[in-house]
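Reader: I am new to protein structures. Could you help me read a few features of this one?

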Amino acid sequence: MASLRLPDDLREAFKEPMGRVYTDPATLLRDAKTTGDGPIVAVGDVVTYHLRQANREPAVAFIDGKTEREAVNDEVQATLAESDAERVNVENPPATL
């Protein structure tokens with residue numbers, strides 16, 4: 001599989017989120033319903049955890065066992081481990097896709 005590497009001179013351009021960032025799962029789910037109830041892509045363990053707590057499985061979730069560069073707590077880890085969803089483990093060095 002080919003990988004792409006972001007040039008060092010462009011890394012700063014991608015430090016800030018593009019588009020709306022949700023911190024409340026209820027607001028995210030409300031907005032998803034008003035825009036067609038489309039698929040939700042969760043980026044992060046805590047986001048995925050909160051969606052599952054709200055009984056909404058994301059179409060895709062990117063998780064790594066960490067939040068803010070620290071290990072997630074046992075409750076989050078256990079909830080993420082409960083899923084029957086297919087998992088694909090990948091290595092993701094900094095600045096690569």
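Author: Happy to! We will look at a helix, then at salt bridges, then at a patch of charge. Keep in mind that this is a predicted model.

Reader: Let's begin with helix α3. Which residues in α3 are buried?

Author: Here is the general idea: an α-helix has 3.6 residues a turn, so residues three or four places apart point the same way. In α3, which covers residues 74-81, the buried residues are Val76, Thr79 and Leu80. Looking down the axis of α3, you find them within an arc of 95°, so they line one face of the helix. Asp74 and Ala81, on the other side of α3, are exposed.

Reader: Next, salt bridges. How many salt bridges are there?

Author: We look for a side-chain nitrogen of Lys or Arg within 4 Å of a carboxyl oxygen of Asp or Glu. The count here is three salt bridges. In one of them, arginine 20 pairs with aspartate 31 at 2.9 Å, N to O. Arginine 20 is in the segment before α1 and aspartate 31 is in helix α1, so this pair ties together parts 11 residues apart in sequence.

Reader: Is aspartate 31 buried or exposed?

Author: Aspartate 31 is buried, at 15% relative accessible area, whereas arginine 20 is exposed at 57%. Aspartate 31 also forms a salt bridge with arginine 30, at 3.1 Å. Arginine 52 and glutamate 57 form another, at 2.8 Å. Through shared partners, Arg20, Arg30 and Asp31 join into one network.

Reader: And which residues gather in the patch of positive charge?

Author: On the surface, Arg5, Arg11, Lys15 and Arg69 make up that patch. Arginine 11, for example, is partly exposed at 36% relative accessibility and sits in the segment before α1.

Notes:
Residues numbered from 1 in each chain as written. Predicted model: local features only at pLDDT ≥ 70, side-chain atom pairs only at ≥ 80, totals over all residues. Heavy atoms only, no water. Patch = residues over 30% accessible without salt bridge, like charges linked within 9 Å, V, L, I, M, F, W, Y side chains within 5 Å. Areas by Shrake-Rupley, 256 points an atom, 1.4 Å probe, with all protein chains shown as cover. Lys, Arg positive; Asp, Glu negative; His and termini not counted. Charge placed at Lys NZ, Arg CZ, Asp CG, Glu CD. Helix = DSSP H or I, 4+ residues; strand = E, 2+ residues; numbered from the N terminus. Buried < 20%, exposed > 50% of the residue type's maximum accessible area, 1.4 Å probe, protein only. Arc of directions from axis to C-beta.
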